[in-house]
Amino acid sequence: MSTSDEVDRIVDAWQQERPDLDVAPLQVLSRVSRLARHLDIARREAFAANDLEPGEFDVLAALRRTGKPYALTPSASISQNLVTSGTMTNRIDRLESKNLVARMPDPTDGRGVLVQLTQAGKTAVDRALDELLAREKSLLATVTKADREKLANVLRDIVLPFDEESAGLEN
């Protein structure tokens, strides 16, 4: 049984109007774009249900992934979140005002500061992650485990050169 979607209709229309073009990339990348929009909605809903903005979740998640004592320097957090120092400062300020993180002196650098996840922050990020994973699982409900693994590998192959290029620009 073959089903068609909006992307198939768009591709068919382009093939009718511009048969001189190879519109095959639209078959994949338009679907990736549409899926990204659905994922963005799911992320925002999962985080909003836990009184977080996506950027706030990203900071809390970076801290949580570090393991105990769940602390990073602001510069390490910037590199993990790919944002400017001003953006990171604003996010940390908001999270601190919600008592989800605390600034503390860096014991290895007398002039430095660490941002540490509070217990309330750990609870919030864990709840938001649980909610996010449930929503992401539902987005992939029609895909078998084997196909998810194949898709993950193919997407890695597509994305990796861009990530490596971005990393090279940062150095």
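User: Which helix does Ile158 lie in?

Analyst: Ile158 lies in helix H7, and, keeping in mind that this is a predicted model, its relative accessible area of 38% makes it partly exposed.

User: What kind of surface patch is Ile158 part of?

Analyst: Ile158 belongs to a nonpolar surface patch of about 750 Å², whose other members include Val28, Leu29, Leu151 and Phe162. The elements that give two or more residues to this patch are H2 and helix H7 (145-170), and H7 gives the most, with six residues.

User: What about the inside, then: which residues have the most contacts in the largest nonpolar core?

Analyst: That core has 23 residues, and those with the most contacts inside it are Phe47, Leu52, Phe57, Leu60, Leu63, Leu95 and Val101. At least two residues each come from helix H2 (24-48), helix H3 (54-65), helix H5 (85-97), strand E3 (109-117) and helix H6 (119-139), with H3 giving the most, namely six.

User: What does Leu95 touch?

Analyst: Leaving aside residues up to four places away in sequence, Leu95 touches Leu52, Glu56, Val59, Leu60, Leu100 and Val101.

User: How many salt bridges does the structure hold?

Analyst: The structure holds 16 salt bridges. One of them joins Arg103 and Asp93, with the closest N and O atoms 2.7 Å apart; Arg103 is in strand E2 and Asp93 in helix H5, ten residues apart. Arg103 counts as partly exposed at 34% relative accessibility, and Asp93 counts as partly exposed at 36%.

User: Changing topic to H2: which of its residues are buried, and what do they pack against?

Analyst: The buried residues of H2 are Ala42, Ala46 and Phe47, and they pack against H3 and H6.

User: How does the span of H2 compare with what its 25 residues should give?

Analyst: At 1.5 Å a residue, H2 should span 36 Å, and its end C-alpha atoms are 37 Å apart, which agrees.

Notes:
Residues numbered from 1 in each chain as written. Predicted model: local features only at pLDDT ≥ 70, side-chain atom pairs only at ≥ 80, totals over all residues. Heavy atoms only, no water. Core = buried A, V, L, I, M, F, W, Y, C linked by side-chain atoms within 4.5 Å. Buried < 20%, exposed > 50% of the residue type's maximum accessible area, 1.4 Å probe, protein only. Helix = DSSP H or I, 4+ residues; strand = E, 2+ residues; numbered from the N terminus. Contact = heavy atoms within 4.5 Å. Patch = residues over 30% accessible without salt bridge, like charges linked within 9 Å, V, L, I, M, F, W, Y side chains within 5 Å. Areas by Shrake-Rupley, 256 points an atom, 1.4 Å probe, with all protein chains shown as cover. Salt bridge = Lys/Arg side-chain N within 4 Å of Asp/Glu carboxyl O. Expected span 1.5 Å × (residues − 1).
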